[in-house]
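The stops below are given in the order in which to select them.

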Amino acid sequence: MFLRFRQSVEYLAGERDLAPPLLARIPAWLLRSAVWLLAIALIYAFCGQSSKFIYIDF
Amino acid sequence: MIFNTFAYYLLFLLPAATLYRCSRDRVRPWIIAVFGCGFFLYFAYSMAGVWGALCLGIFLWESITSRLYKPGSRWCLLGLVQSLLLLGFFKYWNFFTGLLFWHHANPVRWQSAFLPLGISFFTFEFYHYAWDRRAGRTEQGTLAEYLAFILFFPTMVAGPIKRYQDFLPKLRAKPRDWSSDWEFGLTRILTGLAKKFAIADLMTAWTNHLNAHDIPFADRRMLLVWLFAYGVKIYADFSAYSDIAIGSARLFGIGVPENFDWPYGRRNIQRFWQCWHISLTRWLMDYVYIPLGGSRVAPVRIYINIMLVMLVSGLWHGAGLNFLIWGLWHGLLLALHRGWRKWRGEPSTRPLPVFASRVVTLIAVNAGWAFFCMDLHTVTLFYRRLLAV
C-alpha cells in the first residue's frame, strides 16, 4: 500500500514518468492541472516568508 | 536565494533552456557555458560583491588545466591538489588557523572572508574529473563540453553532484521530447517551490527558537518539537532544492542524479545514508571510502574508514567543531550498525522489530541535527536542558 502511495506521489510530483495503476485511469492532463493549481496556490499563499535555501551557504 | 527568485527563471533558466533546444549540436555546450558564466556573475556578485564575481576565474583556470589531464598523468594530481587547496583556503582558513591559535587572538585571521558561490559542490566535480581522468574512467571531451559540465547552472550551486561520464552522453544527445520534458520538468520545479515555501519555510518559525536565548526558558517538550521541526525543515528545504535543480535540468533535456529517496523512516542508518543526499554519499564512497581500502581491509580499519568518511562529510558541511561532531555521530551510528549486523546477522522481518528500528533510526538522525543547526555552546545548552543534566 505504501509503495502505491509512494509511486503516486512521485508521479504527481513529476519524478516518475509512468502513471502508477492507482492513477492510470485518470487523464494525465487533469492530474497535472490539479497539481499545478495546488502548487501555485501554495506558492502564492506562503511566498511572503521565504528564506535562503540552507545548502546555498555550504 | 537563487531558485526562489524571478531572476533565475526569467534571466537564466527559461532563455537558456529554450535556446539550448533550438540550437545546433556544436553550439549547445557553449550556450550552457555562456549562461553558466552569466548566472555565476549575477548571483555571486549579489551575494559576495566584486570578489565573489571574480571567482569565475576559478572555473576558467580549472577548464584550462583540465586539458592537461590524461590517464596516469601527474597533471591530474595537480588538479586534485588545486581543487582541495582552493576549498581549503576559502572555506577552512579561519577555522584551522583559529584552532592553531586557539589560546589567543588569531593573528592571520581573514577578516573579510567569503565563500565563492557553490565552491563545496563544484570542488567535488573538479576532483571527480581529475581523479577519473587519471584512472582512465572518463574521456576528455572538448573544452566546450567540459565548460558545460562545470558551468551547468541548475546544479552548480548545491548539486546534485554530477559525474562527467554520465553527463556527457546526455549533453551530446539531441533533446527530442520537448513537451514531455517541459511538462515533467515544470511540475518538478513547481512542487519543489511549493515544498520550500509551504513546508520548509513554515518550519522556520519553530526552528528559529533553536538559539542560546530561547532554549533556557523553553518547556523541555518544546525542545523536542523544535528539533524535529528542524529535521522536517532540512529535508523539505534540500529536497525542494534538488527537485528544482533536477526539474530545471530536465527543461534542457538533461537528466541529473536523484538526491533523495524517502530517507526518513528507513530501517537503519546505512539505508538512511543510501537515501539521503545520494550524490554526496556516492561521491564519498568512490573518492574517500574506496581509496582508503573500503571494506576489503582488516575489520578495525573498516571502522576507522567509516569514521574518517563521516568526519570528512561533517567537515565538508561546515567549518566548525559542531559539524565535526555531527560527522562523528553519524560515523559512530554507522559503525555501531555494522557491528550489530556482524553480531546478530540478518535483521528480523517481523513487524514490531521493523517498526522499532525505523523509529530508533529516525530519533538518532534527528538527535544529530542538533549539532548541525547549532554551535557547540548552544547545542550543549540544548542537551543539558533537554536531559535536565
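**Stop one: a tyrosine in chain B**

Select B:Y230. Beyond its neighbours within four places in sequence, B:Y230 is in contact with B:T207, B:L210, B:W369 and B:C373 (contact: C-beta atoms, placed from the backbone, within 7 Å). This is a predicted model, in which local features need pLDDT of at least 70 and side-chain atom pairs count only at pLDDT 80 or more, while totals for chains, interfaces and linings use all residues. Residues are numbered from 1 along each chain as its sequence is written, and chains are lettered from A and ligands numbered from 1 in the order in which they are written.

Helices are DSSP runs of H or I, at least four residues, numbered from the N terminus.

**Stop three: two helices of chain B**

Now select residues 6-22 (α1) and 28-54 (α2) of chain B, whose axes come within 9 Å and cross at roughly 170 degrees. Axes are lines fitted to C-alpha atoms over the stretch in contact, with angles from 0 to 180 degrees between N-to-C directions. α1(B) and α2(B) are therefore roughly antiparallel (over 145 degrees). Among the residues that meet are B:L11 and B:F12 in α1(B) and B:I32 and B:F35 in α2(B).

**Stop four: chain A against chain B**

Finally, show both chains: 24 residues of chain A are in contact with 29 residues of chain B. On the side of chain A, helix α2 (residues 28-46) supplies the largest share, 8 residues.

Terms used
Contact = placed C-beta atoms within 7 Å. Parallel < 35°, antiparallel > 145°, perpendicular 65-115°, else oblique.
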